[in-house]
Amino acid sequence: MMNTRRGSAASLGPIVGRLISLATAGAAENMAIDQAILDSVTRTGVPVLRFYQWAEPTLSLGYFQELAARAAHVQSDSICCVRRTTGGGAIVHDQELTYSVTIPVPPGSAGPRSVLYEQTHAAIAEALANFGAQAVPFRCTGLEPPSESRNSQFLCFQRRTAEDLIVSGYKVLGSAQRKSRTAVLQHGSLLLCTSLYAPQIPGVSDLLSRPLNVEQLVPQIVANLSEKLGVDWQLGTLSDEEVYDAEQIRRERFDSPLWTTRR
Amino acid sequence: MSRDESKLLYAESHEWVDLAEEDGKAVGTIGLSGFALEQLNDLVYMELPELGRELTAGEEFGEVESVKAVSPLYSPVSGKVVAVHEDLPESLEKLNDDPYEFGWIVKVEISGENSVESLLDHAAYQKQCAEAG
(Lines give C-alpha, C1' and ligand atoms only; values in the text may rest on other atoms or scores of the structure.)
Protein backbone atom coordinates (compact mmCIF):
# COMPACT_ATOMS: atom_id res chain seq x y z
CA MET A 1 0.00 0.00 0.00
CA MET A 2 1.25 3.49 -0.81
CA ASN A 3 1.80 5.91 2.00
CA THR A 4 -0.42 8.88 1.37
CA ARG A 5 -0.25 10.39 4.85
CA ARG A 6 1.09 13.91 4.57
CA GLY A 7 1.24 16.38 7.37
CA SER A 8 0.77 20.11 7.44
CA ALA A 9 3.61 22.61 7.32
CA ALA A 10 6.89 21.43 8.80
CA SER A 11 8.16 24.89 9.61
CA LEU A 12 10.53 24.86 12.57
CA GLY A 13 11.25 28.50 12.60
CA PRO A 14 12.30 31.02 12.60
CA ILE A 15 15.39 29.18 13.76
CA VAL A 16 19.06 29.18 12.81
CA GLY A 17 20.51 25.95 11.41
CA ARG A 18 23.94 24.87 10.31
CA LEU A 19 24.86 24.28 6.68
CA ILE A 20 27.76 21.91 5.94
CA SER A 21 29.21 22.61 2.49
CA LEU A 22 29.36 20.07 -0.30
CA ALA A 23 32.27 17.69 0.30
CA THR A 24 33.42 14.28 -0.87
CA ALA A 25 34.19 11.43 1.52
CA GLY A 26 34.31 7.65 1.69
CA ALA A 27 31.20 5.57 2.25
CA ALA A 28 31.73 4.73 5.91
CA GLU A 29 32.75 8.30 6.71
CA ASN A 30 29.70 9.76 4.99
CA MET A 31 27.34 7.49 6.91
CA ALA A 32 29.20 8.07 10.20
CA ILE A 33 28.99 11.86 9.80
CA ASP A 34 25.23 11.64 9.25
CA GLN A 35 24.87 9.51 12.39
CA ALA A 36 27.06 11.88 14.43
CA ILE A 37 24.88 14.76 13.23
CA LEU A 38 21.72 12.88 14.26
CA ASP A 39 23.22 12.35 17.73
CA SER A 40 24.18 16.01 17.95
CA VAL A 41 20.77 17.31 16.82
CA THR A 42 19.17 14.97 19.37
CA ARG A 43 21.23 16.72 22.05
CA THR A 44 21.08 20.33 20.84
CA GLY A 45 17.93 20.68 18.74
CA VAL A 46 19.84 22.75 16.15
CA PRO A 47 19.03 21.59 12.58
CA VAL A 48 21.82 20.64 10.19
CA LEU A 49 21.79 20.51 6.38
CA ARG A 50 24.64 18.80 4.61
CA PHE A 51 25.53 18.02 0.99
CA TYR A 52 28.02 15.37 0.00
CA GLN A 53 29.35 13.08 -2.69
CA TRP A 54 31.20 9.77 -2.61
CA ALA A 55 34.92 9.14 -3.00
CA GLU A 56 34.26 5.97 -4.98
CA PRO A 57 31.19 4.24 -6.41
CA THR A 58 29.40 2.65 -3.48
CA LEU A 59 26.40 0.41 -2.95
CA SER A 60 24.49 1.30 0.21
CA LEU A 61 22.05 -1.21 1.64
CA GLY A 62 18.88 -0.20 3.43
CA TYR A 63 19.09 -0.94 7.16
CA PHE A 64 16.92 -4.06 7.01
CA GLN A 65 18.15 -5.42 3.66
CA GLU A 66 20.05 -8.68 3.52
CA LEU A 67 23.58 -8.54 2.15
CA ALA A 68 22.88 -11.68 0.12
CA ALA A 69 20.31 -9.70 -1.85
CA ARG A 70 23.24 -8.07 -3.67
CA ALA A 71 23.20 -11.12 -5.91
CA ALA A 72 20.08 -9.62 -7.51
CA HIS A 73 22.14 -6.80 -9.02
CA VAL A 74 25.30 -8.07 -10.70
CA GLN A 75 26.28 -4.72 -12.23
CA SER A 76 27.18 -3.36 -8.78
CA ASP A 77 28.75 -6.48 -7.31
CA SER A 78 32.33 -5.18 -7.67
CA ILE A 79 31.90 -1.89 -5.83
CA CYS A 80 32.25 -1.29 -2.10
CA CYS A 81 29.24 -1.72 0.13
CA VAL A 82 28.00 0.03 3.25
CA ARG A 83 24.87 -0.57 5.31
CA ARG A 84 22.86 2.56 6.08
CA THR A 85 20.94 3.17 9.31
CA THR A 86 17.96 4.35 7.26
CA GLY A 87 15.29 2.26 5.59
CA GLY A 88 14.38 1.57 1.98
CA GLY A 89 16.24 -0.18 -0.82
CA ALA A 90 19.84 -0.28 -2.02
CA ILE A 91 21.38 2.69 -3.83
CA VAL A 92 24.36 2.89 -6.18
CA HIS A 93 26.02 6.15 -5.13
CA ASP A 94 28.11 7.27 -8.05
CA GLN A 95 26.94 10.11 -10.29
CA GLU A 96 24.75 11.79 -7.69
CA LEU A 97 24.28 14.63 -5.25
CA THR A 98 23.49 13.41 -1.74
CA TYR A 99 21.93 15.54 0.96
CA SER A 100 21.13 15.02 4.59
CA VAL A 101 18.81 17.17 6.64
CA THR A 102 18.48 16.54 10.36
CA ILE A 103 15.88 18.36 12.41
CA PRO A 104 14.50 18.21 15.95
CA VAL A 105 11.10 16.59 16.47
CA PRO A 106 8.85 16.83 19.52
CA PRO A 107 9.27 14.03 22.07
CA GLY A 108 6.52 11.49 21.54
CA SER A 109 6.20 12.03 17.80
CA ALA A 110 5.56 8.69 16.14
CA GLY A 111 6.33 7.33 12.72
CA PRO A 112 8.01 8.80 9.66
CA ARG A 113 8.06 12.55 9.22
CA SER A 114 6.23 12.45 5.92
CA VAL A 115 6.02 16.21 5.79
CA LEU A 116 9.83 16.36 5.79
CA TYR A 117 9.95 14.08 2.74
CA GLU A 118 7.35 16.26 1.10
CA GLN A 119 8.95 19.62 1.80
CA THR A 120 12.54 18.62 1.10
CA HIS A 121 11.55 17.06 -2.19
CA ALA A 122 9.48 20.14 -3.09
CA ALA A 123 12.55 22.31 -2.39
CA ILE A 124 14.65 20.15 -4.73
CA ALA A 125 11.92 19.99 -7.40
CA GLU A 126 11.67 23.79 -7.44
CA ALA A 127 15.44 24.07 -7.81
CA LEU A 128 15.44 21.52 -10.64
CA ALA A 129 12.70 23.49 -12.41
CA ASN A 130 15.17 26.37 -12.80
CA PHE A 131 17.34 24.01 -14.83
CA GLY A 132 14.45 22.93 -17.04
CA ALA A 133 13.61 19.64 -15.29
CA GLN A 134 9.96 19.11 -14.40
CA ALA A 135 10.18 16.89 -11.33
CA VAL A 136 6.98 15.82 -9.60
CA PRO A 137 6.27 13.57 -6.63
CA PHE A 138 5.18 10.10 -7.66
CA ARG A 139 1.78 10.66 -5.99
CA CYS A 140 1.10 13.48 -8.51
CA THR A 141 2.04 11.54 -11.64
CA GLY A 142 -1.29 9.77 -12.01
CA LEU A 143 0.61 6.51 -12.41
CA GLU A 144 -0.75 3.36 -10.83
CA PRO A 145 0.58 2.68 -7.32
CA PRO A 146 3.36 0.10 -7.56
CA SER A 147 2.70 -3.52 -6.77
CA GLU A 148 4.11 -5.02 -3.59
CA SER A 149 6.64 -6.98 -5.64
CA ARG A 150 7.84 -3.83 -7.40
CA ASN A 151 8.39 -2.15 -4.05
CA SER A 152 10.41 -5.14 -2.88
CA GLN A 153 12.98 -4.72 -5.63
CA PHE A 154 16.60 -4.55 -4.53
CA LEU A 155 17.37 -1.05 -5.79
CA CYS A 156 15.64 1.96 -4.25
CA PHE A 157 15.42 3.61 -7.66
CA GLN A 158 13.36 0.75 -9.03
CA ARG A 159 10.81 1.19 -6.24
CA ARG A 160 8.22 3.97 -5.98
CA THR A 161 6.86 5.72 -2.90
CA ALA A 162 4.54 8.71 -2.74
CA GLU A 163 7.16 11.44 -2.37
CA ASP A 164 9.81 10.09 -4.76
CA LEU A 165 10.59 12.70 -7.43
CA ILE A 166 9.88 11.60 -10.98
CA VAL A 167 11.23 13.17 -14.19
CA SER A 168 9.93 11.87 -17.53
CA GLY A 169 8.66 8.72 -15.81
CA TYR A 170 11.98 7.97 -14.08
CA LYS A 171 12.69 8.28 -10.38
CA VAL A 172 15.53 10.74 -9.84
CA LEU A 173 15.29 11.43 -6.09
CA GLY A 174 14.64 9.07 -3.21
CA SER A 175 15.11 9.65 0.51
CA ALA A 176 14.99 7.68 3.74
CA GLN A 177 14.90 8.46 7.45
CA ARG A 178 16.25 7.43 10.82
CA LYS A 179 14.58 8.63 13.99
CA SER A 180 15.95 9.18 17.45
CA ARG A 181 13.88 10.19 20.45
CA THR A 182 13.92 13.90 19.58
CA ALA A 183 15.35 14.21 16.08
CA VAL A 184 15.07 12.77 12.60
CA LEU A 185 17.78 12.31 10.00
CA GLN A 186 16.66 12.26 6.40
CA HIS A 187 19.15 11.66 3.63
CA GLY A 188 18.51 11.27 -0.04
CA SER A 189 20.10 10.81 -3.44
CA LEU A 190 19.53 12.99 -6.49
CA LEU A 191 20.71 11.04 -9.54
CA LEU A 192 22.70 13.26 -11.89
CA CYS A 193 23.86 10.76 -14.56
CA THR A 194 23.63 7.06 -15.23
CA SER A 195 26.24 5.05 -13.37
CA LEU A 196 28.18 2.27 -15.03
CA TYR A 197 27.16 0.22 -12.01
CA ALA A 198 23.42 0.84 -12.44
CA PRO A 199 23.09 1.31 -16.19
CA GLN A 200 19.33 0.77 -16.12
CA ILE A 201 18.70 4.01 -14.21
CA PRO A 202 19.05 7.45 -15.82
CA GLY A 203 19.87 10.66 -13.96
CA VAL A 204 18.50 14.16 -14.40
CA SER A 205 21.27 15.21 -16.83
CA ASP A 206 20.56 12.21 -19.03
CA LEU A 207 16.88 13.10 -19.10
CA LEU A 208 17.63 16.77 -19.82
CA SER A 209 20.36 15.87 -22.34
CA ARG A 210 22.66 18.42 -20.74
CA PRO A 211 24.81 18.60 -17.63
CA LEU A 212 23.41 19.79 -14.31
CA ASN A 213 25.71 22.18 -12.45
CA VAL A 214 25.76 21.02 -8.85
CA GLU A 215 27.51 24.18 -7.59
CA GLN A 216 24.59 26.22 -8.95
CA LEU A 217 21.93 23.76 -7.84
CA VAL A 218 22.92 23.46 -4.17
CA PRO A 219 22.41 27.14 -3.19
CA GLN A 220 18.95 27.06 -4.73
CA ILE A 221 18.00 23.97 -2.74
CA VAL A 222 19.32 25.66 0.42
CA ALA A 223 17.24 28.79 -0.23
CA ASN A 224 14.09 26.78 -0.96
CA LEU A 225 14.57 24.61 2.11
CA SER A 226 15.12 27.69 4.23
CA GLU A 227 11.75 29.02 3.19
CA LYS A 228 9.90 25.73 3.58
CA LEU A 229 11.34 24.72 6.95
CA GLY A 230 11.69 28.22 8.41
CA VAL A 231 15.41 27.65 9.00
CA ASP A 232 18.10 30.25 8.34
CA TRP A 233 20.93 27.99 7.20
CA GLN A 234 24.24 29.54 8.30
CA LEU A 235 27.40 28.16 6.78
CA GLY A 236 29.30 26.18 9.38
CA THR A 237 31.46 23.14 9.94
CA LEU A 238 31.18 19.94 11.91
CA SER A 239 31.89 20.55 15.60
CA ASP A 240 34.90 18.94 17.27
CA GLU A 241 32.51 16.61 19.08
CA GLU A 242 30.82 15.58 15.83
CA VAL A 243 34.19 14.94 14.18
CA TYR A 244 35.29 12.81 17.14
CA ASP A 245 31.98 10.93 17.27
CA ALA A 246 31.95 10.36 13.51
CA GLU A 247 35.43 8.83 13.65
CA GLN A 248 34.36 6.47 16.45
CA ILE A 249 31.13 5.54 14.65
CA ARG A 250 33.00 4.97 11.39
CA ARG A 251 35.46 2.55 13.00
CA GLU A 252 32.99 0.73 15.23
CA ARG A 253 30.02 0.53 12.88
CA PHE A 254 30.20 1.45 9.22
CA ASP A 255 33.72 0.10 8.59
CA SER A 256 32.98 -3.07 10.53
CA PRO A 257 32.22 -6.25 8.56
CA LEU A 258 29.93 -7.24 11.44
CA TRP A 259 27.73 -4.24 10.69
CA THR A 260 27.63 -4.82 6.96
CA THR A 261 26.96 -8.54 7.26
CA ARG A 262 24.51 -8.33 10.17
CA ARG A 263 21.69 -9.46 7.90
CA MET B 1 -10.63 -11.35 24.23
CA SER B 2 -8.42 -8.38 23.58
CA ARG B 3 -6.68 -6.47 26.35
CA ASP B 4 -8.56 -3.48 27.70
CA GLU B 5 -6.39 -0.60 26.50
CA SER B 6 -7.86 1.70 29.17
CA LYS B 7 -6.18 -0.47 31.84
CA LEU B 8 -2.70 -0.29 30.33
CA LEU B 9 0.17 2.07 31.08
CA TYR B 10 1.92 3.95 28.29
CA ALA B 11 5.33 5.46 27.59
CA GLU B 12 5.56 8.87 25.97
CA SER B 13 7.19 7.02 23.05
CA HIS B 14 3.91 5.04 22.52
CA GLU B 15 4.76 1.62 23.90
CA TRP B 16 2.06 0.12 26.14
CA VAL B 17 2.72 -2.19 29.06
CA ASP B 18 0.32 -4.59 30.73
CA LEU B 19 1.47 -5.33 34.28
CA ALA B 20 0.59 -8.71 35.74
CA GLU B 21 1.86 -11.28 38.18
CA GLU B 22 3.06 -14.53 36.64
CA ASP B 23 4.40 -17.31 38.90
CA GLY B 24 4.85 -14.79 41.70
CA LYS B 25 6.90 -12.41 39.55
CA ALA B 26 5.96 -9.00 38.16
CA VAL B 27 5.85 -9.27 34.38
CA GLY B 28 5.16 -6.49 31.88
CA THR B 29 3.83 -7.37 28.45
CA ILE B 30 4.85 -4.67 25.97
CA GLY B 31 3.45 -3.60 22.62
CA LEU B 32 2.94 -0.53 20.43
CA SER B 33 -0.22 1.56 20.76
CA GLY B 34 -2.86 1.74 18.06
CA PHE B 35 -2.12 5.46 17.71
CA ALA B 36 1.57 4.76 17.04
CA LEU B 37 0.74 2.06 14.51
CA GLU B 38 -1.56 4.43 12.69
CA GLN B 39 1.18 7.05 12.57
CA LEU B 40 3.80 4.52 11.50
CA ASN B 41 1.63 3.41 8.58
CA ASP B 42 2.63 0.22 6.77
CA LEU B 43 5.27 -1.42 8.94
CA VAL B 44 7.53 -3.55 6.78
CA TYR B 45 10.22 -4.72 9.20
CA MET B 46 10.59 -5.26 12.91
CA GLU B 47 13.66 -6.32 14.86
CA LEU B 48 13.15 -7.96 18.24
CA PRO B 49 15.54 -8.31 21.20
CA GLU B 50 17.12 -11.57 22.29
CA LEU B 51 15.58 -13.59 25.07
CA GLY B 52 17.32 -12.91 28.39
CA ARG B 53 18.48 -9.41 27.50
CA GLU B 54 18.44 -6.98 30.44
CA LEU B 55 16.63 -3.75 29.62
CA THR B 56 16.59 -0.42 31.39
CA ALA B 57 13.45 1.72 31.19
CA GLY B 58 13.80 4.08 28.23
CA GLU B 59 16.39 1.90 26.49
CA GLU B 60 15.96 0.84 22.86
CA PHE B 61 14.90 -2.79 22.62
CA GLY B 62 13.98 -3.11 18.95
CA GLU B 63 13.43 -1.23 15.71
CA VAL B 64 10.76 -0.92 13.06
CA GLU B 65 10.75 0.33 9.48
CA SER B 66 7.87 2.06 7.74
CA VAL B 67 7.89 4.36 4.70
CA LYS B 68 11.70 4.05 4.55
CA ALA B 69 11.99 5.40 8.11
CA VAL B 70 13.66 3.35 10.84
CA SER B 71 12.35 4.10 14.34
CA PRO B 72 13.53 2.65 17.66
CA LEU B 73 11.24 0.92 20.15
CA TYR B 74 11.85 1.98 23.76
CA SER B 75 11.26 -0.25 26.75
CA PRO B 76 8.77 1.31 29.20
CA VAL B 77 10.13 -0.79 32.07
CA SER B 78 13.40 -2.22 33.40
CA GLY B 79 13.95 -5.93 33.58
CA LYS B 80 14.83 -9.12 31.75
CA VAL B 81 13.23 -10.18 28.48
CA VAL B 82 11.50 -13.48 29.29
CA ALA B 83 9.38 -13.92 26.13
CA VAL B 84 9.56 -12.63 22.57
CA HIS B 85 6.73 -12.70 20.02
CA GLU B 86 8.86 -14.42 17.38
CA ASP B 87 6.06 -14.67 14.79
CA LEU B 88 5.33 -10.96 14.81
CA PRO B 89 7.94 -9.72 12.28
CA GLU B 90 6.43 -12.07 9.68
CA SER B 91 2.84 -10.99 10.47
CA LEU B 92 3.10 -7.21 10.69
CA GLU B 93 0.00 -6.74 8.54
CA LYS B 94 -2.07 -8.11 11.43
CA LEU B 95 -0.73 -5.60 13.95
CA ASN B 96 -3.07 -2.72 13.15
CA ASP B 97 -6.11 -4.95 13.58
CA ASP B 98 -5.15 -6.13 17.04
CA PRO B 99 -2.35 -4.04 18.60
CA TYR B 100 -3.23 -4.98 22.20
CA GLU B 101 -3.49 -8.76 21.98
CA PHE B 102 -1.87 -10.21 18.88
CA GLY B 103 0.46 -7.20 18.84
CA TRP B 104 2.42 -7.97 22.00
CA ILE B 105 6.13 -7.72 21.28
CA VAL B 106 8.01 -8.85 24.40
CA LYS B 107 7.42 -9.81 28.01
CA VAL B 108 9.78 -8.40 30.61
CA GLU B 109 10.28 -9.65 34.16
CA ILE B 110 10.30 -6.33 35.92
CA SER B 111 13.13 -5.33 38.21
CA GLY B 112 13.28 -2.16 40.28
CA GLU B 113 10.37 -0.89 42.32
CA ASN B 114 10.03 2.49 40.68
CA SER B 115 10.39 1.62 37.06
CA VAL B 116 6.73 2.29 36.14
CA GLU B 117 6.25 5.59 37.96
CA SER B 118 6.94 7.78 34.96
CA LEU B 119 4.44 5.99 32.71
CA LEU B 120 1.14 7.53 31.64
CA ASP B 121 -2.29 6.14 32.39
CA HIS B 122 -4.75 5.81 29.51
CA ALA B 123 -6.33 9.24 30.01
CA ALA B 124 -2.97 11.02 30.11
CA TYR B 125 -1.80 9.09 27.08
CA GLN B 126 -4.97 9.94 25.15
CA LYS B 127 -4.34 13.59 25.95
CA GLN B 128 -0.78 13.33 24.59
CA CYS B 129 -2.05 11.75 21.39
CA ALA B 130 -4.74 14.41 20.96
CA GLU B 131 -2.15 17.15 21.36
CA ALA B 132 0.13 15.45 18.83
CA GLY B 133 -2.74 15.64 16.35
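Which residues in helix 2 of chain A meet which residues in helix 4 of chain A? Let me start there. One caution: this is a predicted model.

From helix 2 of chain A come Gln119(A), Thr120(A), Ala122(A), Ala123(A), Ile124(A), Glu126(A) and Ala127(A). Facing them in helix 4 of chain A are Leu217(A), Gln220(A), Ile221(A), Asn224(A), Leu225(A), Lys228(A) and Leu229(A). Sorted by class, this contact has eight nonpolar, four polar and two charged residues.

Now the geometry. Helix 2 of chain A covers residues 114–129, and its axis comes within 8 Å of the axis of helix 4 of chain A. The two axes cross at roughly 140°. Angles over 145 degrees would count as roughly antiparallel, so helix 2 of chain A is oblique to helix 4 of chain A. The crossing is right-handed.

Ser209(A) sits between helix 3, residues 204–208, and helix 4, residues 214–229, of chain A. Its phi is positive, near 60°, and Ser209(A) is not a glycine. Is Ser209(A) buried or exposed? Exposed, because Ser209(A) has 7 C-beta neighbours inside 10 Å, and the cut-off for exposed is 12 or fewer.

On to chain B. Six of its strands form an open sheet. The order is 1-2-3-9-8-5, and the pairing is antiparallel. Which strands stand at the edges? Strand 1 and strand 5 of chain B, the latter at residues 54–55. Each has a single partner strand, so one side of each has no neighbour in the sheet.

Take strand 1 of chain B, residues 9–10. Two bridges join it to strand 2 of chain B, residues 15–22, and the two run antiparallel. Leu9(B) is opposite Val17(B). Tyr10(B) has Trp16(B) as its bridge partner.

His14(B) is not a glycine, yet its phi is positive, about 85°. Compare the surroundings. His14(B) is buried, because 27 other C-beta atoms lie within 10 Å, and 20 or more is the cut-off. Ser209(A), by contrast, counts as exposed.

Next hairpin. Eight bridges tie strand 2 of chain B to strand 3 of chain B, residues 25–32, again antiparallel. Glu22(B) stands opposite Lys25(B). Two residues separate the strands, and Asp23(B) takes a positive phi near 50°.

Finally, the two chains together. How many residues of chain A are in contact with chain B? The count is 22 residues of chain A, against 20 residues of chain B. Strand 9 of chain A, residues 170–179, gives the largest share of chain A's side, with four residues. By class, chain A's side has seven nonpolar, 11 polar and four charged residues.

Strand 9 of chain A is joined by two bridges to strand 7 of chain B, residues 69–74. These strands run parallel. The pairing in the chain B sheet is antiparallel. One bridge pair to look up is Arg178(A) with Val70(B).

In chain A, helix 2 is oblique to helix 4. In chain B, six strands form the open sheet. Between the chains, strand 9 of chain A pairs with strand 7 of chain B.

Definitions and conventions
Residues numbered from 1 in each chain as written. Chains lettered and ligands numbered in written order. Predicted model: local features only at pLDDT ≥ 70, side-chain atom pairs only at ≥ 80, totals over all residues. Pairing = 2+ DSSP bridges. Contact = placed C-beta atoms within 7 Å. Nonpolar A, V, L, I, M, F, W, Y, C, P; charged D, E, K, R; others polar. Axes fitted to C-alpha atoms, helices over the stretch in contact; angles between N-to-C directions. Parallel < 35°, antiparallel > 145°, perpendicular 65-115°, else oblique. Left-handed = near helix turned anticlockwise from the far one by under 90°.
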